[in-house]
Amino acid sequence: MARAPARPAAPPAGKRATLPRALSKLGFCSRTEAEALISAGRVAVAGHVVTDPETWIDLADARITVDGAAVLAEKPVYLMLNKPRGLVTTRSDPEGRPTVFDCLKHLDPAHLSPVGRLDKASEGLLLFSNDTDFANALLDPKTHVAKTYHVQIDRLADQPMLDALIAGVHHDGEFLRAKALRRLREGERNAWLEIVLDEGRNRQIRRMLEAQGIACLRLVRVAIGDLALGDLEKGAVRALTEAEVKGLRRLVRR
């Protein structure tokens, strides 16, 4: 049986990238959108139309155009949103539900993407950026960036419960555990916990609680690394400071 021809090896990491990745890194569009543009013959490099999404280019020197217009690097944007409950973390929703982008309407969010997700019922700190390398590094499971949540549960929190959550639970074939956990305060019938995660499993906190028969009443992300939500009003957006961006970059370079 004849072998399929081997794919060419990728060039060394650095200034080279595939054309879809280059368009993504420049903040023009997502890689998926870029692949569609390239396949449609709408993208040119140095004046020559390119239709192969696997084409490698030099990021420093390549002159890229889409529909004849030059693609220039966007200024990196880093934002934080205090996500209200009830919004889905997507640009558009087929069911017509409100999305987190409704909070960004006063901006130009065309090339911004959420960095990670918060489910519809969750609240708090959600980052947006057009810097795909920054976003991918923060989301990479290998970086173990800590995320801190304040969680209201439907009962008082005794020590055996806390010990069980710290020890970890099995849920739907996955082992789930918190990096750290402490009791914040209690009322007559419920309690607030602070839970720190350093892995990004889907609905991890809610699943950990469900495995112990505990209902989650509210879930608010209050920090990513040392970046705190602070007193940002619900539904409000602000730009990260240069120091805050540098602090997050330090976390993913360890």
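Colleague: In this predicted model, which residue of strand 5 is the bridge partner of V45?

Modeller: Strand 2 covers residues 43-45 and strand 5 covers residues 64-66. The two strands pair in the antiparallel sense over 3 bridges. Within strand 5, the bridge partner of V45 is I64.

Colleague: Which are the edge strands of the open sheet of 4 strands?

Modeller: Pairing in this open sheet is antiparallel, and the strand order is 3-2-5-6. An edge strand here pairs on one side only. The edge strands are strand 3 (48-49) and strand 6 (69-70).

Colleague: Why is helix 5 described as largely enclosed by the rest of the structure?

Modeller: The cover over its buried residues includes helix 4 (159-167), strand 10 (147-153) and strand 15 (216-224). Helix 5 spans residues 204-211 and is largely enclosed because 6 of its 8 residues are buried. Those buried residues are Q204, I205, R206, R207, M208 and L209.

Colleague: What is the phi of R203, in the loop between strand 14 and helix 5?

Modeller: R203 is partly exposed, with a relative accessible area of 36%. R203 is not a glycine, yet its phi is positive, at about 50°.

Colleague: Which residue with positive phi follows helix 5?

Modeller: The helix in question covers residues 204-211. The residue that follows helix 5, with a phi near 75°, is G213.

Conventions
Residues are numbered from 1 along each chain as its sequence is written. This is a predicted model: local features need pLDDT of at least 70, side-chain atom pairs count only at pLDDT 80 or more; totals for chains, interfaces and linings use all residues. Side-chain values use heavy atoms; hydrogens and water are left out. Two strands pair if DSSP finds at least two bridges between them. Buried means under 20% relative accessible area, exposed over 50%, partly exposed in between (1.4 Å probe, protein chains only). Contact means heavy atoms within 4.5 Å.
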